[in-house]
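Keep the sequence and the 3D view side by side while reading. The text below goes from the inside of the chain to its loops.

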Amino acid sequence: MAAAQGSRDQVRREMSELSEQIRDHQYRYYVLDKPTISDAEFDQLWQRLVKLEGENPELRDPHSPTLDVGGGFATHFEQFDHKEKMMSLDNVFNDAELDAWFDRVAKESANNTWLCEVKVDGLAINLLYEKGRLTRALTRGNGTTGEDVTVNIKTIKNIPQELKGKQFPELVEIRGEVFFPIEKFNELNETLEESGKTAFANPRNAAAGSLRQKDPKVTAARPLDMVVHGVGAISDMEFATQSQAYEALKSWGLPTSQRYKVAKNKAEVKEFIAFYLENRHSVEHEIDGVVIKVNEREIQKSLGATSRAPKWAIAYKYPPEEVTTKLLDIRVSVGRTGRVTPFGFMEPVRVAGSTVTNATLHNIEEVERKGVLIGDTVVLRKAGDVIPEILGPVIEKRTGAERKFVMPKNCPDCGTKLGAMSEGDVDIRCPNARSCPAQLRERLYYIGSRAALDIDVLGYEAANALLSDKLIVDESDIFALTEKDLLSSEFFRKKDGSLGANAEKLLAALQEAKTRPLWRVLVSLSIRHVGPTAAQALAKSFGSIPKIASASVEALSEVDGVGAVIAESIQEWFSEGWHKEIINKWQKAGVLMEGIELSTLPQTLQGLTLVVTGSLENFTRDGVSDAITQRGGKAASSVSKKTDYVVVGDAPGSKAAKAEELGVPILDEAAFIKLLENGPS
């Protein structure tokens, strides 16, 4: 019997090793495009695993690669807890505040040294290495729980999948920042602009957007980099100083920064701060300040932390970058609800790491308040913000040739006369909602956004192509598009005349979008003031588009989170004949126009709290929450003693382990469906 058990254990180990090898080779092949073995060698591994699983079905891992269709990889951003909380840093903005922090530290220790390092303006990441192997990479998230971006992190070339040497701990969390090198960022933006695509606002946005791609191939194509700067949970190892920890990280093959210094006193700290303030643009990545840490680890421990930040470290934030440039013109843009927004068009100027030509001016009152004239030299500020801000004019540089901005009387896109929507409204709007090209384009783009129906491919380029090629008149036609329609557009057609991949994706995404929850359909209609929060409340209260359309202002106003202003906007939208045409055409195409009213469903989960972890076959993330709440339950995000059930799908996170630890009942998807139907037995 012992020999038989030993044999089973040996088979189990071989199957586990084969699964790991196959996953690794699939990853190198499908994501990195750099296979390390031949197809024949891969097939041998695959067939050996299939043979062992066939002979030992009870030992087969439910997540075996042989159960997957194809070898593609996708990230779904499951959430996991950090082993040790990933804290933020408190900030100081001048020498006086820095001196006050020094004084607070001095109460605990007067004999420490200081480690100074540049503060990378990137995306905080936590790498977990177990037995020297990278097993998980999480974003900071809320500090306790982060999103799993392991597959995408593995595409970054300077992050080792295995630590070097032998002197590393059994388990260690490595903290650092993923960033987009400035030179590569500028090259990417130039490429995007040349191809007519929207450029990234700044390197940090580019890093975050690249890392959170659903398709790791996109991430792999971006030249992301990383620098590590700290340690979280660690077993069987202690460091006397922060700088000693950095030397260890470097010896393990991790990407540490060369831009740090151990300072003996406050004067040396301030010299370091001043140096990088002067030379911030010579660094390969964006920096927004300097981090100062007590170097001695024992003193770090004695100083401790608040609920959000360590007391032994501080970030000295540099002042927002301000530059001057020539304001060549003030123009206006038209949004999806007709709002006309003035913006400054300027001589290109580099500020906060990116070249800027436009800056918002919000509305005519803001232009007048700031006293900005066309032709002014203006002060521009962009402290990592997506939209740069014009602070005001440099009066001393006026020549007398400057002129006042006059809000146009007609829409720059359709020529319709502009005006305020109501008395006292500071926003000027284009009333030609139905056919104004700018509003049409913006509405189509918004329909495709994550906030609305999340339709893949329906971005600005696709929206422009649909309108300019006259494939649709307005958004009412979007769900009636066919292959024949798209073949008539160069944007959606290959050079050989066949249907392009973007067209196939669009048609598939449109089909999927027809089944989106009712509240998302409401959001996608671009009713003024109706965002996701109001839409969810309306869908829950009325249950269908027809009932919302026929409701009185009083009835709409009574909905929690709606109120009179939104109610009037809703009634006004549904009173337009062409808006009704949108509803009719969408409904005819199969778009969901009704939700499930609470009263029609048995309240089987009344008073129960459920947590869902992992992906379910029959429910989307939004859908499973709806299924719980529509039956009277509460869909919670974290497991506690008050949780009644934890529903576990494929690739569950740490919530499943937490449920086991607390003794909370765990359900698979089949048991969850029975619970929805019948309630607790």
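What follows is a walk through a predicted model, taking up cores, aromatic rings, helices and loops in turn.

How many residues does the largest nonpolar core have? It has 59, and the residues with the most contacts inside this core are Leu481, Leu486, Leu538 and Trp586. Take Leu486 as an example of such a residue. Setting aside residues up to four places away in sequence, Leu486 touches Leu466, Leu471, Leu481, Phe492, Leu499, Ala503, Leu506 and Leu507.

Next come the aromatic rings. A pair of aromatic rings is described by how far apart the centres are and by the angle between the planes. The model has 13 aromatic pairs. In one of them, the ring centres of Phe180 and Phe185 are 6.3 Å apart and the planes stand at 75°; planes over 60 degrees apart count as edge-to-face, so this pair is edge-to-face. Are these two residues buried or exposed? Buried means under 20% relative accessible area. Phe180 has a relative accessibility of 1%, so Phe180 counts as buried. Phe185, at 0%, counts as buried too.

Elsewhere, Trp101, Phe102 and Trp114 make up one aromatic cluster.

Some rings have a charged residue over the face. Arg136 lies over the face of Phe80, 3.6 Å from the ring centre. Arg336 lies over the face of Tyr446, and here the distance to the ring centre is 3.5 Å.

Now turn to the helices, starting with the one that holds Trp573 and Phe574. Helix α20 covers residues 563–574, which makes twelve residues. From its first C-alpha to its last, α20 reaches 17 Å, close to the 16 Å expected at 1.5 Å a residue. Which residues of α20 are buried? They are Ile566, Ala567, Ser569, Ile570, Trp573 and Phe574. An α-helix has 3.6 residues a turn, so residues three or four places apart point the same way. Seen down the axis of α20, the buried residues fall within an arc of 160°, so they line one face of the helix. Those buried residues pack against four helices: α17 (532–542), α18 (545–550), α19 (553–557) and α21 (577–589).

Where is Lys131? Lys131 sits in the loop between β4 (123–130) and β5 (133–139). Its relative accessibility is 62%, so Lys131 counts as exposed. Asp454 is not a glycine either, and its phi is positive, at about 55°. Asp454 belongs to the loop between α12 (437–448) and α13 (460–468). With 28% relative accessibility, Asp454 counts as partly exposed.

Ala305 lies in the loop between α10 and β11 (313–317), and Ala305 is partly exposed, with a relative accessible area of 41%. Ala305 and Met87 are 218 residues apart along the chain, while their C-alpha atoms are separated by 9.1 Å. Apart from its neighbours within four places in sequence, Ala305 is in contact with Met87, Pro310 and Lys311.

The last stop is Thr155, in the loop between α4 (150–153) and β7. At 7% relative accessibility, Thr155 counts as buried. Thr155 and Ala220 are 65 residues apart in sequence, but from C-alpha to C-alpha they are 5.0 Å apart in space.

How values were computed: Residues numbered from 1 in each chain as written. Predicted model: local features only at pLDDT ≥ 70, side-chain atom pairs only at ≥ 80, totals over all residues. Heavy atoms only, no water. Core = buried A, V, L, I, M, F, W, Y, C linked by side-chain atoms within 4.5 Å. Buried < 20%, exposed > 50% of the residue type's maximum accessible area, 1.4 Å probe, protein only. Contact = heavy atoms within 4.5 Å. Phe/Tyr/Trp six-rings, centres within 6.5 Å; stacked < 30°, edge-to-face > 60°. Lys NZ or Arg CZ within 6 Å of the ring centre and 35° of its normal. Helix = DSSP H or I, 4+ residues; strand = E, 2+ residues; numbered from the N terminus. Expected span 1.5 Å × (residues − 1). Arc of directions from axis to C-beta.
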